[in-house]
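Trainee: Could you take me through this structure step by step? I would like to begin with the terms.

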Amino acid sequence: MPHLEMQALTRARARRGQPLRGVLDAPGDKSVSHRALILAALARGVTHITGLLTSDDVLATARAMEALGADISWPVSDANIWTVTGCAGLWSPPEAPLDFGNSGTGVRLTMGAVAGAGIPAVFTGDESLSSRPMRRVLDPLAQMGAASRSEDGRLPVTLEGGPLTGIDYAPPIASAQVKSAILLAGLGARGETVVRESRLTRNHTETMLGLFGAKVSTERDGDGAIIRLDGPQALTATDLIVPGDPSSAAFATVAALIRPGSDITLRNVMTNPARTGLYRVLERMGADISFTPAGMAAGEAVADMRVRASQLNAIDLEPDIAPDLIDEYPILAVACAFASGVSRLRGLAELRAKESDRLAATWNLLRANGVETEIAGDDLIIDGGGNVGGGAAVETEGDHRIAMASLVLGTVSGAAVTVDKAGMIATSYPGFIRDMKALGAMIEPLG
Ligand code: S3P
């Protein structure tokens, strides 16, 4: 198993330091990494995955794929090439519960794929994942014929197994996880599966299904899309390179923007518009970010991104952009704390269903560090531009993105900022402290 440098870490501290300088490879994309493992495990043949993100969340999915019958060889060299021998659609019922740790993407997508495979399985997770809603996936799967048992729609969940039939479904929330679970179930279902999304969400599942030889069609429909897939369909192994994660690159980006004199380059960042809402918003706020195209990876365009320190202005952000930066609100809120004027980030109800109540946790990380901030309904209001005192010991509520956003704030605030559970950063970005230090940031593990 790959070495996870942050697993044992408890606390970490960030202090104001020099301007950030240097060039970094963005870590592999988490969404693409989960999908690469799941599709490779379903496919016939051998898939090589280069640059898989070796974070705790993705490793939980890898273990689940092994438990379902895929043969996975974990890389032993720095080349980070994973080899997955798939099961040609024939997964076996796992002997033990599948434990997804902290990972919503891993558990929800695998539930869909397991339902499509027609086998029974039990799904578990850590405390945070066990408090998150699963009905959004279990309800449409039940309509397809996959009966399940759970208490109150939370983990542990038991899927009973059995044959599925395609459905025509309009998810009530904009969620790529829900869409993906239905499409993966649809692969094994009889007849057509249709997902009607009212607002576009990240489309990696559709793109990557195509790379594995499946036929999936997407038709734009107003602000959303209609995605269709005829089942059953078989997948064929294919080799993949994982693009860099724009959600992880967001932390160094904002750190460079708010530290005067900074000038950094982040290489191979995926530029899919459904993932880069943060960068469009930062540009509207006055950020100096330039993109140089750098090819394609896993069907996605990637670019090298140069970020220079910038004087940011506050923003009044419309709610309908939320799916394009759903994971980036904590770090955007930190940018707003350093922007002149009052920002209002609107329509953030969905943040309450993330790894923590991320709306409350973001408000708390700002407030604890001396920023004037308020939650009004589902909006977050941030009075920026003043001196951010810092000095807080932030309670991250076990949320990796709250931990990283807090540490970025600490690289510019008056006094040092500590976070209580820095080990959770390994769920999405195990190299975060190493990378930030390489750019010159003063972030230290405290053991
Ligand atoms: C993801 C979708 C989003 C996002 C998550 C990854 C995916 O979740 O927050 O980190 O890979 O499909 P929702 O579908 O719940 O919005």
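Predicted model: local features only at pLDDT ≥ 70, side-chain atom pairs only at ≥ 80, totals over all residues.

Trainee: Thanks. Where is Ala88 found, then?

Mentor: Ala88 is in the loop between β5 and β6. Its phi is near 50 degrees, which is a positive value in a residue other than glycine.

Trainee: And how accessible is Ala88?

Mentor: Ala88 has a relative accessible area of 33%, so it counts as partly exposed.

Trainee: What about Gly86, where is its place?

Mentor: Gly86 is in the loop between β5 (81-85) and β6. With 19% relative accessibility, Gly86 counts as buried, because buried means under 20% relative accessible area.

Trainee: Which residues is Gly86 in contact with, leaving aside its neighbours within four places in sequence?

Mentor: On that basis, Gly86 is in contact with Ala40, Ala41, Ala43 and Gly45. For a sense of distance, Gly86 and Glu283 are 42 Å apart in space, C-alpha to C-alpha, and 197 residues apart in sequence.

Trainee: Back to phi for a moment. What is the phi of Ala298?

Mentor: Ala298 has a positive phi of about 50 degrees, although it is not a glycine. Ala298 is found in the loop between β16 (288-297) and β17 (300-308), and at 8% relative accessibility it counts as buried. A glycine example is Gly213, which follows α7 and has a positive phi near 90 degrees.

Trainee: Which residues in helix α7 are buried?

Mentor: In α7 (residues 204-211), the residues His204, Thr205, Glu206, Met208 and Leu209 are buried.

Trainee: New topic: aromatic rings. How many aromatic pairs does a search of the whole structure find?

Mentor: The search finds five aromatic pairs. One of them joins Trp74 and Trp82, whose ring centres are 5.1 Å apart with planes at 45 degrees, so this pair is tilted. Trp82 is buried, with a relative accessible area of 0%.

Trainee: And how are the rings of Phe100 and Phe123 arranged?

Mentor: The centres of those rings are 6.2 Å apart and the planes are at 20 degrees, so the Phe100 and Phe123 pair is stacked. Planes under 30 degrees apart count as stacked.

Trainee: Which parts does that pair tie together?

Mentor: Phe100 lies in the loop between β6 (98-99) and α3, and Phe123 lies in strand β7 (residues 121-124), so the pair ties together parts that are 23 residues apart in sequence. Phe100 and Phe123 are both buried.

Trainee: Which residues do ring pairs link into a cluster?

Mentor: Phe251, Tyr429 and Phe432 are linked in that way. Another ring worth a look is that of Trp363: the charged end of Arg367 sits over it, 5.3 Å from its centre.

Trainee: Now Arg108. Is it buried or exposed?

Mentor: Arg108, whose place is in helix α3 (residues 104-117), is buried yet has no salt bridge. Glu350 is the nearest side chain of opposite charge, and it is 6.4 Å away. A salt bridge needs a side-chain nitrogen of Lys or Arg within 4 Å of a carboxyl oxygen of Asp or Glu.

Trainee: Which side chain makes a polar contact with the side chain of Arg108?

Mentor: That partner is the side chain of Gln177, at 2.5 Å. Not counting residues up to four places away in sequence, Arg108 touches several residues, including Arg132, Met134 and Ala181.

Trainee: What does the side chain of Asn369 reach?

Mentor: The Asn369 side chain reaches the backbone nitrogen of Ala392 at 3.1 Å. Asn369 is found in the loop between α11 (358-368) and β20 (372-376), and it is buried, with a relative accessible area of 0%. Not counting residues up to four places away in sequence, Asn369 touches Val388, Leu409 and Val417, among others.

Trainee: Last one: which kind of peptide bond runs from Leu155 to Pro156?

Mentor: That bond is cis, with omega near -5 degrees, and Pro156 lies in strand β9 (residues 154-159). The peptide bond from Gly231 to Pro232 is also cis, with omega near -10 degrees. Pro232 has its place in the loop between β13 (224-231) and β14 (240-241).

Note on methods: Residues numbered from 1 in each chain as written. Heavy atoms only, no water. Helix = DSSP H or I, 4+ residues; strand = E, 2+ residues; numbered from the N terminus. Buried < 20%, exposed > 50% of the residue type's maximum accessible area, 1.4 Å probe, protein only. Lys, Arg positive; Asp, Glu negative; His and termini not counted. Polar contact = N/O pair within 3.5 Å; in protein donor to acceptor, adjacent residues only side chain to side chain. Contact = heavy atoms within 4.5 Å. Phe/Tyr/Trp six-rings, centres within 6.5 Å; stacked < 30°, edge-to-face > 60°. Lys NZ or Arg CZ within 6 Å of the ring centre and 35° of its normal.
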